[in-house]
Amino acid sequence: MTAGLFLIVPIKPLHLAKSRLLGAADRGARQLAAHADLVTAVALDTVTAARQAPGVAGVVVVTSDPTLTEAFAAEGIEVLVDTPAAGLNAALRHGDAQLRQRTATSRVGALQADLPALRPADLASAISAAGDDRAFCPDRQGTGTTLLLAVPGQPLAPCFGPGSADAHAGSGAKTLVGGWDSLRCDVDTEADLAVAVTLGLGPNTARRIA
Ligand SMILES: Nc1nc2c(ncn2[C@@H]2O[C@H](COP(=O)(O)OP(=O)(O)OP(=O)(O)O)[C@@H](O)[C@H]2O)c(=O)[nH]1
Ligand SMILES: C=C(OP(=O)(O)O)C(=O)O
């Protein structure tokens, strides 16, 4: 019996994050501030939906960004401080080590921060399909990864980055296949954002895109 699933959500410092979405919220003089607001909103919607998913015991953000830290703390979401720009897999390993120190029997997973249309039921269904196996959910294009689940009590061993779907499959993770379009729709570009709009954006993101 495990102590529950804890999801780690890593987020880059706001001035570096989601560079391909720059201009999606505002192309005028407020562009940089609007971009930071959009990245924060997308991450908040992602985490809020994840916390509502049955089967998720907790969600922890890993970031070194003070604005993000404040925004998540205001929502009662725990933030672990990582080394600035040490990289995505390093941030995940850091979160993984901290969480497993607390409860050796807990299960750890990684969830991408850019899923603004995420529905709790899609996440819950993917987690249920994983059973206790190491498993991952590919993104909409099939090349990246939106969710990685460790075996309960085992290290996360993340292989995120270009081609991470193949890398995670190669690391022995089961590919989660289902109709979970909201879990697969990460937004790296404005075209991705347009797809997320058709699925239904979370409230914070919707306010920034109108
Ligand atoms: N905490 C933390 N998160 C990171 C780091 N590098 C990347 N991430 C997060 O990991 C996810 C995927 O990162 P990337 O694909 O490198 O970058 P991106 O923010 O999606 O955007 P682009 O600039 O468009 O490539 C995003 O949620 C990032 O914020 C890091 O060094 N620390
Ligand atoms: C890093 C990844 O995501 P993206 O670059 O799509 O944000 C990944 O899928 O491993």
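Visitor: What ipTM does the predictor give the complex?
Guide: The model is predicted, and the protein averages a pLDDT of 94, with 98% of the residues scoring at least 70. For the complex, the predictor reports a pTM of 0.96 and an ipTM of 0.95.

Visitor: Why is strand S4 largely enclosed by the rest of the structure?
Guide: In a regular strand, side chains alternate between the two faces of the sheet. On one side of S4, Arg107, Gly109 and Leu111 are buried, and on the other Val108 and Ala110 are buried, so that both faces are covered. Strand S4 (residues 107-111) is therefore largely enclosed because its buried residues number five of the five.

Visitor: Which residue of S6 is the bridge partner of leucine 111?
Guide: S4 pairs with S1 in the parallel sense over four bridges, and leucine 7 has glycine 109 of S4 as its bridge partner. S4 and S6, by contrast, run antiparallel and are joined by three bridges. The partner of leucine 111 in S6 is leucine 147.

Visitor: Which elements give two or more residues to the shell around ligand 1?
Guide: Ligand 1 is surrounded by 19 residues, of which Pro10, Lys12, Ser19, Arg20 and Ala91 are the closest. The elements that give two or more residues to this shell are strand S2 (56-63) and helix H3 (88-102).

Visitor: How many charged residues does the shell around ligand 1 have?
Guide: By class, this shell has nine nonpolar and four polar residues. Its charged residues number six.

Visitor: How many charged residues does the shell around ligand 2 have?
Guide: The residues surrounding ligand 2 are Leu88, Asp139, Gly144, Thr145, Phe160, Gly161, Ser164, Asp186 and Asp188. By class, two are nonpolar and four are polar. The number of charged residues is three.

How values were computed. Residues are numbered from 1 along each chain as its sequence is written. Chains are lettered from A and ligands numbered from 1 in the order in which they are written. This is a predicted model: local features need pLDDT of at least 70, side-chain atom pairs count only at pLDDT 80 or more; totals for chains, interfaces and linings use all residues. A residue is near a molecule or strand if its C-beta atom, placed from the backbone, lies within 6 Å of it. Ala, Val, Leu, Ile, Met, Phe, Trp, Tyr, Cys and Pro count as nonpolar, Asp, Glu, Lys and Arg as charged, and the others, Gly among them, as polar. pLDDT is the predictor's confidence in each residue, from 0 to 100. A residue is buried if 20 or more other C-beta atoms lie within 10 Å of its own, exposed if 12 or fewer, and partly exposed in between; C-beta atoms are placed from the backbone. Two strands pair if DSSP finds at least two bridges between them.
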